[in-house]
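Open the structure in your viewer and keep the selection tool at hand. Each stop below says what to select and what is there.

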Amino acid sequence: TEKIPDRVTYIRYSLSRLNTPSIHPWLLDIDSKLIRGEACALAASQLLEQGFTPDLICAHPGWGESLFLRDVWPDTPILSYQEFYYSARGKDYDFDPELQGLPDLNSCAKLRMKNANPLLTLESSTWNVTPTQFQLSTFPSCFHSRFSVIHDGIDTQKASPNFALNNIILPNELMLSRSNKIITFVNRNIEPYRGCHTFIRAIPHIQQAHPDAHVVIVGSSHGVSYGKASEGLSWKDTYMNEISTKVDLSRIHFSGSLNYDSFISLLQISSCHVYLTYPFVLSWSLLEAMSVGLPIVASNTEPVCEVVEHNQNGLLVDFFSPEHLADSVSNLLDNYDLAKRLGQNARSLILDRFSLQVCVPNQPELLENVIHLS
C-alpha cells in the first residue's frame, strides 16, 4: 500500500447500525446507503465543529456516503464522480434473453428504487464527472448540462508494447512464449455481464481453426462483480462443462486473478485480446489491452463502440455469436498485417484520448472550475 502523502489527512469513521430488520425488500438498497450517508455526515459534522469548511467536496456517491454532505456544508461546491444510472429497459438489465428474460415487477421496482441515491446526489451536486459518453447517456438528460466527461486515464508507459519480453510463466507454472498463438480474455469475475458464456462457447470453433492456440482466461472463477450469481456451479464451470468434450483442455488456461504487472506482461506477449460486455460501464482492461498495442475483437455494444471502430482499431462482433467471434479471432491469427495495423491504431487512439498525459491535466482544471461555480 502506498503511503498517504503528508499533506493529506485521512479520517476514518464507523457505521452505527445495521440494516433495518424486516425492511421492505425494495428499500434495502437505499437503507444501506442511508446508513453510510449518516455515518459520513456525522463525521463531517465533527469536522465542522472543529472549524473546518472545505473549499470543494469530491465524492464518489455510489455507496451513499455523500448523501448528506450538502446539509453539513450548504455553501461548499460538490463534485460527484457518477458511474451509472440504472434502467430496467434498453441497457444491461434486459440485454441477454438467455439469462435475463423480461424483467418482472419486483426486479424493475428494486432497480427503480436503486436510482433514489443517484437522483438525490445529482440534485445536491454542483457538478458531475463521468468517464465515458456512454455512461453520461445513462443519466436523465435534464442533468447533462452539469456533467463533464473525463476519463481517469491509462498509464500508457506501463501498458505499452514490450518486444523485449519473450516469455511469461502463468500461475500454473506453464511457460508461454511470444511465438505462441495466445488469445487473452479478462473478467474481474468470470461472468456473463462480461461475455464469459459467448467467449467460452467460441473456444471449440477457435481450436478447430487453430488447434495450436493457447487461450488464457484471467479472473476469479467464483462470485460475481455484476449481475446474478450462477445457480449451483460457477459460471466458469457451467460453460466449460458445455464444451469440455469438444476442446483440448490442455490449451485452455484459467490464471485466476493476476497482479497488475503480471497482467500487463501477459498482454504484451498475446496475439489478440477479446473483450465482451453488456451495455454497461467500460472496463479498463480493454483500454489497457489497446494501449499495449493488441489487436482487439470486441462486442458491438454501446460502451465498446465509443473506442473501437470496426476494421480501424479492432474488430466488432455480435455479442451473442460464438461463431462470429471465433471467425474474427481466426482472422487476426491468420493475418499478421491486419493484426499489426489494428494494434498500432488501437494504441494510437489510447495515446490520443485516454493517456494519463491527456486526461490528468483536465482533472485539476475541472476542480478549479467547480470551485468558482458557487
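**Before starting**

This is a predicted model, in which local features need pLDDT of at least 70 and side-chain atom pairs count only at pLDDT 80 or more, while totals for chains, interfaces and linings use all residues. Residues are numbered from 1 along each chain as its sequence is written, and side-chain values use heavy atoms, with hydrogens and water left out. Helices (H or I, at least four residues) and strands (E, at least two) are DSSP runs, numbered from the N terminus.

**Stop 1: helix α1**

Select residues 28–49, which are α1. This helix has 22 residues and reaches 32 Å from its first C-alpha to its last, close to the 32 Å expected at 1.5 Å a residue. The expected span is 1.5 Å times one less than the number of residues. Among the buried residues of α1 are Ile-30, Ile-35, Gly-37, Cys-40, Ala-41 and Ala-44. Buried means under 20% relative accessible area, exposed over 50%, and partly exposed in between (1.4 Å probe, protein chains only). The buried residues of α1 pack against α2 and α4 (116–124). After α1 comes Gly-51, with a positive phi near 95 degrees.

Now step back to His-24, in the segment before α1. His-24 is partly exposed, with a relative accessible area of 41%.

**Stop 2: Leu-69**

Select Leu-69, in helix α2 (residues 69–72). Is Leu-69 buried or exposed? Leu-69 counts as buried, because its relative accessibility is 9%. Leaving aside neighbours within four places in sequence, Leu-69 is in contact (heavy atoms within 4.5 Å) with Cys-40, Ala-41, Ala-44, Ile-57 and Ile-78. Thr-121 is 52 residues from Leu-69 in sequence and 9.8 Å from it in space, C-alpha to C-alpha.

**Stop 3: helix α6**

Next, select residues 196–209, the 14 residues of α6. At 1.5 Å a residue α6 should span 20 Å, and its end C-alpha atoms are 20 Å apart, which agrees. Look along α6 for a kink of about 35 degrees at Ile-203, shortly before the proline Pro-204. The bend at a residue is the angle between axes fitted to the seven residues ending there and the seven starting there.

How many of the residues of α6 are buried? The count is 10 of 14, so α6 is mostly covered. Including Cys-196, Phe-199, Ile-203 and Pro-204, the buried residues of α6 are covered by elements that include β7 (182–189), β8 (214–220), α7 (235–243), β9 (252–256), β10 (272–275) and α11 (322–334).

**Stop 4: the helices against α6**

Axes are lines fitted to C-alpha atoms, for helices over the stretch in contact, and angles run from 0 to 180 degrees between N-to-C directions. Angles under 35 degrees count as roughly parallel, over 145 as roughly antiparallel, 65 to 115 as roughly perpendicular and the rest as oblique. The crossing of α6 and α11 is right-handed, meaning that the near helix is turned clockwise from the far one by less than a right angle (left-handed if anticlockwise). The residues in contact include Phe-199, Ala-202 and Ile-206 of α6 and Leu-325, Ala-326 and Val-329 of α11.

**Stop 5: α8 and α9**

Select residues 260–269 for α8 and 284–292 for α9. Their axes come within 9 Å and cross at roughly 50 degrees, which makes α8 oblique to α9. The crossing of α8 and α9 is right-handed. Tyr-260, Phe-263, Leu-267 and Gln-268 of α8 make the contact with Ser-285, Glu-288, Ala-289 and Val-292 of α9.

**Stop 6: two loop residues**

Most residues other than glycine have a negative phi. Select Glu-173, in the loop between β5 (167–169) and β6 (175–177). Glu-173 is not a glycine, yet its phi is positive, about 70 degrees. Glu-173 is exposed, with a relative accessible area of 69%.

Finish at Asn-311, in the loop between α10 (302–305) and β12 (315–317). Asn-311 also has a positive phi, near 65 degrees, and is partly exposed at 39% relative accessible area.
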